[in-house]
Amino acid sequence: MSDARCRSCGAGGLETFLDLGKTPLADATLTAAELTGPEDRFPLEVAFCPTCTLVQILEEVPAERLFVDNYLYLSSFSDAVLAHARRHARDLVDARSLGANSLVVEIASNDGYLLKNFVELGIPVLGIDPSPAPADAAEAAGIPTLREFFGDDLAARLTGEGRQADVIIANNVMAHVPDLNGVVAGMKRLLAPGGVITIENPCVVDLVERCEFDTIYHEHLCYLSCTSVDTLVRRHGLWLNDVEYFPDLHGGTLRWWVGHEPARSASVVRRLEDERLKGFGGGLRYRRFAGDVEHIQAALLDLLRSARREGKRIAAYGAAAKGATLLNATGIGVDLVEFVVDRNPMKQGRFMPGTHQPIRPPEALVDEQPDLVVMLAWNFRDEILEQQRAYRDRGGAFIVPVPVPEVIT
Ligand code: JHZ
Ligand code: ZN
């Protein structure tokens, strides 16, 4: 039992069920010069709130440090993410009849990967993102971007200027927010009458069932379910009206549709019931998951160590945040995995936090032809397997670490 208070409902009595040790910040890749300097590590413990069911980590690293210094994540590096975003934008435009007098606001708009679809159609947008590198990319692409964290104060300022949003989109950001209630209060204030909010986030049910423990890192303060989102938005006079499921996106993503008025769909009712029946309303299911995590880590280490004993060379694909958790929490250093490749040029030439593998361009796989490649960005498994045909045709194999380590030739 922890003495922390729940980030959503404020209750005490949080039950810690998983301890991933002290890990560095998952997006804090290092320059060569920084390798010899000190590197901060922070505890990574995960807890369940028996009052509102929200799963959350206990440590809170200041948001400026996570998202302003060193945040190099760009959403546009996945074709799958781009296609998904484009479909969502097009569907919203049609369903809500958006036009030149509408306003679409995206919280954590990153490099403009989503809003550019509205801009193309002449629909006014406002991006909000405090991270300098992605915001620069968005501005360069013609997406107006406020470089700030979103909260009720910013919402009050915008509404004070007479701006309200017909659509508010919050993709992969709710998990990052320390003041969940402030953000939802801001959404309520900013949303025009009759407007709609869509929130996307990986779902904790998939995290547990597919054992995606590596998606736990300090940027992700909360791990959402339908139940915990329902409780959260209701507290602010909003209604969870619909839910969609994207099993292949970021390891299993839900999109929640929220509005000022109640109009609950059968899929919301079904999902809430399903989460209850599967035990996600109690701590036991999470404690069982913690046991699964230990098994995966041990199996992966076995696989890598025996390959190394046979003289095999091992690399990894994707300098993803989740890759940093996998390597650090499992204890996979340069003795096991030599280097990591990634398509993002801003990450290339840098080093993985904590474990210090150099990050190289994907072409390094064909140049070096390591025997095995750990798929750290397993959420893009099919995309990457296809893209790395040449490496695989020459005898290279991938190891997909979760839900159980699997070798793919
Ligand atoms: P990727 C992200 O986590 C970011 P991460 C964030 N923390 C979040 O909340 C979750 O998603 C949901 C590269 N890549 O997206 C790009 C290739 O090199 O799984 C990325 O560096 N080649 C906001 O960081 C990394 O892999 C490719 O073909 O765990 C993937 O990172 C593709 C498709 C990607 O996210
Ligand atoms: Zn709670």
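Start by selecting Cys49 and Cys52: both are buried, where buried means under 20% relative accessible area, exposed over 50% and partly exposed in between, with a 1.4 Å probe and protein chains only. What you are looking at is a predicted model, in which local features need pLDDT of at least 70, side-chain atom pairs count only at pLDDT 80 or more, and totals for chains, interfaces and linings use all residues. Residues are numbered from 1 along each chain as its sequence is written, chains are lettered from A and ligands numbered from 1 in the order in which they are written, and side-chain values use heavy atoms, with hydrogens and water left out.

**The zinc ion**

Which residues are its protein donors? They are Cys6, Cys9, Cys49 and Cys52, each through its SG atom, lying 2.3 Å from the ion. Donors here are N, O and S atoms within 2.8 Å of the metal (3.2 Å for Na, K and Ca); water is not among the atoms, so sites may look incomplete. Along the sequence, the donor residues follow the spacing C-x2-C-x39-C-x2-C.

Why is the arrangement called tetrahedral? Because the 4 donor atoms subtend angles of 104 to 115° around the zinc ion; four donors count as tetrahedral if all angles lie between 85 and 135 degrees. For comparison, ideal angles are 109.5 degrees for four tetrahedral donors.

**Two positive phi values**

Select Thr53, in the loop between strand S2 (42-48) and strand S3 (55-57). Helices (H or I, at least four residues) and strands (E, at least two) are DSSP runs, numbered from the N terminus. Thr53 is not a glycine, yet its phi is positive, near 75°. Thr53 counts as buried because its relative accessibility is 11%.

Next, go to Asn172, in the loop between strand S7 (165-171) and H6. Asn172 is also not a glycine, and its phi is positive at about 50°. Its relative accessibility is 26%, so Asn172 counts as partly exposed.

**A pair of C-alpha atoms**

Pick Asp152, which is found in helix H5 (residues 152-160). Then pick Gly182: the two C-alpha atoms are separated by 5.4 Å, although the residues are 30 apart along the chain.

**The largest cavity**

Select Met174, Leu180, Val184, Ile199, Leu224, Val229, Leu232 and Val233, which line the largest cavity. On a 1 Å grid over the protein atoms alone, a cavity is a set of points where a 1.4 Å probe fits but cannot get out, a pocket is an open set with protein on both sides within 12 Å along at least five of seven lines, and lining residues have an atom within 4 Å of a point. The volume of this cavity is about 40 Å³. Which helix gives the largest share of its lining? That is H8, with 3 residues.

**The second largest pocket**

Move on to Pro247, Asp248, Leu249, Trp378 and Asn379, which lie nearest the centre of the second largest pocket, among its 20 lining residues. Helix H2 (79-95) and helix H13 (381-387) are the elements that give two or more residues to this lining. The pocket holds about 470 Å³ of space.

**A cis peptide bond**

For your last stop, select Val402 and Pro403, joined by a cis peptide bond with omega of about 5°. Pro403 sits in the loop between strand S16 (397-400) and strand S17 (406-408).

Technical notes: Points joined across faces, edges and corners; volume = space filled by probe spheres on them. Tetrahedral: all angles 85-135°; square planar, octahedral: opposite > 155°, others 65-115°.
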